[in-house]
Amino acid sequence: MKEFLGENCVHCGEVVQLPLEFVKQLCLKIQSERPESRCDKDLDTLSGYAMCLPNLTRLQTYCIAEHRPILCVEIKPKCGFIPFSSSVTHEMKHKVCRYCMHQHLKVATGKWKQISKYCPLDLFSGNKQRMHFALKSLLHEAQNNLKIFKNGELIYGCGGARSPAADLRELAHQLKPFFFPSNGLAGGAQCTRAVVRELVHVITRALLSSSDKGRAGALRPGPRGPLVCEASPFSRSFHRQGKNTPERSGLPKGCLLYKTLQVQMLDLLDIEGLYPLYNRVERYLEEFPEERKVLQIDGPYDEAFYQKLLDLSTEDDGTVAFALTKVQQYRAAMTAKDCSIMIALSPCLQDTSPEQRLIVPASRARMAFSVSALDLDLKPYESIPHQHRLDAKIASYYAKTVHAKDGAVAPTRFKEREDCTLVLHKV
């Protein structure tokens, strides 16, 4: 992933040995602090090894005085494109993104209380208006896609008993000194709106900033599906107004979002087209189990492995080599679809020269920042059957419930108390 995303954004860490008793005690100590939704996953308390990684809630590009406050926003952007493969059998998958479809199944099964208005295609559009809408949607319904840390401590995200409005008021109170250091802003709803506006502006600027090049540029942009998801509340507002599609400005090629999207699009065949190829590899391994190491199923993920990922051909020649390449590309794509982006921010001192570090301007302050990618372990080969089953479940549930309901006679105007999205256009 360092090859694709650039070495400034990817921190490989190092393997360290730990006493087993220490790991056991650590496991017990953190259990009560873990979100309920994560308690089904356990720490490995038996291997005696761990990864030592930098604290990405701190600025990574340079040293900064310890007394300076640091804000960090963690975003899990998810998949930023709609499948373009001809292997797709569910028609809705060509119109609605995976995230928006999955929301309905998650709410139905009790994973989340309500459907988020966030759509990854808005964030990955490069259009500032769409990106602002996406980030505000995450702030209103964070689920596990957004967390905010202040001086390394989690202050927002992972849900709670309080209402989103109360959480946002508390967040605005905590973040006010970052954006309005002179304290000239009163509290209340106006303060909350102003702080949220500043936060969204700064995150957008940081996400669009260029990082080191990486080699995602080695991936030739291939075919694209629709650039707008039909389920996005933002795009729906355009259709209600008789407009075709919202503008898509496109991401700058040097920014981390662009590079992440390029890796996601290594999923050239969709899981529906990939699954038969996975079965081909499986049959070969059943016959020749000793070949697993030669095929690099479990690594090493070196330069030779990376070079195979650059083969973007989709013409199946019936070989195991072709099937294996597509399987490995899918694993890399799934990793990029599930990674997190960490944006660390800290107010600059007045005498800080812009040339010395990465700076993003806010209305009344300037912020030094760094952008990093997290959770980049390659997705396991063994998870592919699960992904195939889950994909079918998500698409079927959406088609049966939501799409069927949308197909009924649509009301000509909003019902009373229905949530609406107001989009302002320059004239």
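1. Contacts across the chain. Among contacts in the protein chain with a separation of 6 or more, 74% join residues 24 or more positions apart; a contact here is a pair with heavy atoms within 4.5 Å. Please keep in mind that this is a predicted model, where local features need pLDDT of at least 70 and side-chain atom pairs count only at pLDDT 80 or more, while totals for chains, interfaces and linings use all residues. Residues are numbered from 1 along each chain as its sequence is written, and side-chain values use heavy atoms, with hydrogens and water left out.

2. Confidence. The average pLDDT of the protein chain is 86, and 83% of the residues score at least 70; pLDDT is the predictor's confidence in each residue, from 0 to 100.

3. Overall make-up. The protein chain holds 13 helices and 8 strands. These are DSSP runs numbered from the N terminus, with helices being H or I of at least four residues and strands being E of at least two. Of the 427 residues, 46% are buried, where buried means under 20% relative accessible area, exposed over 50%, and partly exposed in between (1.4 Å probe, protein chains only). The accessible surface is about 22600 Å², and 53% of that belongs to carbon and sulfur atoms; areas come from the Shrake-Rupley method with a 1.4 Å probe, and for residues only the protein chains shown count as cover.

4. The core. Which residues touch the most other members of the largest nonpolar core? They are Ile75, Leu139, Phe179 and Leu199, in a set of 103 residues. Helix α7 (residues 189-208) gives the largest share of this core, 11 residues. Such a core is a set of buried Ala, Val, Leu, Ile, Met, Phe, Trp, Tyr and Cys residues joined through side-chain atoms within 4.5 Å. Not counting residues up to four places away in sequence, Ile75 touches a list of residues including Leu123, Leu146, Ile203, Cys339 and Ile343.

5. Helix α3. This helix (residues 98-108) is mostly covered, with 8 of its 11 residues buried. Among them are Tyr99, His102, His104 and Lys106. After α3 comes Gly110, with a positive phi near 85°.

6. A nonpolar patch. Val15, Tyr49, Met51 and Leu53 make a nonpolar surface patch of about 430 Å². Met51 sits in strand β2 (residues 49-52) and counts as partly exposed because its relative accessibility is 47%.

7. Backbone points to check by eye. Most residues other than glycine have a negative phi, and most peptide bonds are trans. Asn151, in the loop between β4 (146-150) and β5 (153-157), has a positive phi near 50°. Gln296 has a positive phi near 60° and lies in the loop between α10 and α11. Is Gln296 buried or exposed? Gln296 counts as buried, because its relative accessibility is 9%. The Gly299 to Pro300 peptide bond is cis, with omega near 0°; Pro300 is in the loop between α10 (270-287) and α11 (303-309).

Key. Patch = residues over 30% accessible without salt bridge, like charges linked within 9 Å, V, L, I, M, F, W, Y side chains within 5 Å. Salt bridge = Lys/Arg side-chain N within 4 Å of Asp/Glu carboxyl O.
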